[in-house]
Amino acid sequence: QVQLVESGGGLVQPGGSLRLSCAASGSIFSFYAMGWYRQAPGKQRELVAAITSGGSTNYVDSVKGRFTISRDNAKNTVYLQMNSLKPEDTAVYYCIQYYSGTYYSKVDSWGQGTQVTVSS
């Protein structure tokens, strides 16, 4: 059974940075595409960024140029580097693992979520 454990959330001022980490266990991490969703209060959950098993990435338009998703297969960990944060980035961020190596497949597993709050 896949387990995904996020860390790195917190409170940051607008314009600041945070790096989220997601440690995976229970699967052959390098085989699978990974991603980050977020859900803000009163809004639908949205895919923020995804990375294939081969390292190709995809981002929602609102974070392009500010967020970077990466993976370290040796550490079974996926990261989300978030720069130039805005109040509208405030949300619970969830780590996900896909069913295959591409992010065009369905989501297989979810982490428990980590809160990111951008406020002065």
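A residue counts as partly exposed when its relative accessible area falls between buried, under 20%, and exposed, over 50%. The model on screen is predicted. This tour goes through its aromatic side chains, of which three pairs are present.

**Stop 1: Y94 and W110.** Select Y94 and W110 and show their side chains. The two rings form an edge-to-face pair, 6.1 Å from centre to centre and with 80 degrees between the planes. Now colour the strands. Y94 belongs to strand β9 (residues 91-98) and W110 to strand β10 (residues 107-110), so the pair ties together parts that are 16 residues apart in sequence.

Is each of these residues buried or exposed? W110 has a relative accessible area of 37%, so W110 is partly exposed. Y94, at 14%, is buried.

**Stop 2: around Y94.** Y37, Y94 and W110 form one aromatic cluster.

**Stop 3: Y103 and Y104.** Clear the selection and pick Y103 and Y104. How far apart are the ring centres of Y103 and Y104? They are 5.2 Å apart, and the planes are at 55 degrees, so this pair is tilted. Y103 has 17% relative accessibility and counts as buried, whereas Y104, with a relative accessible area of 73%, is exposed.

**Stop 4: F29 and R71.** Finally, select F29 and R71. R71 lies over the face of F29, at 4.6 Å from the ring centre.

Methods
Residues are numbered from 1 along each chain as its sequence is written. This is a predicted model: local features need pLDDT of at least 70, side-chain atom pairs count only at pLDDT 80 or more; totals for chains, interfaces and linings use all residues. Side-chain values use heavy atoms; hydrogens and water are left out. Rings of Phe, Tyr and Trp (its six-membered ring) pair if their centres lie within 6.5 Å; planes under 30 degrees apart count as stacked, over 60 as edge-to-face and the rest as tilted. Helices (H or I, at least four residues) and strands (E, at least two) are DSSP runs, numbered from the N terminus. Buried means under 20% relative accessible area, exposed over 50%, partly exposed in between (1.4 Å probe, protein chains only). A charge sits over a ring if NZ of Lys or CZ of Arg is within 6 Å of the ring centre and within 35 degrees of the ring normal.
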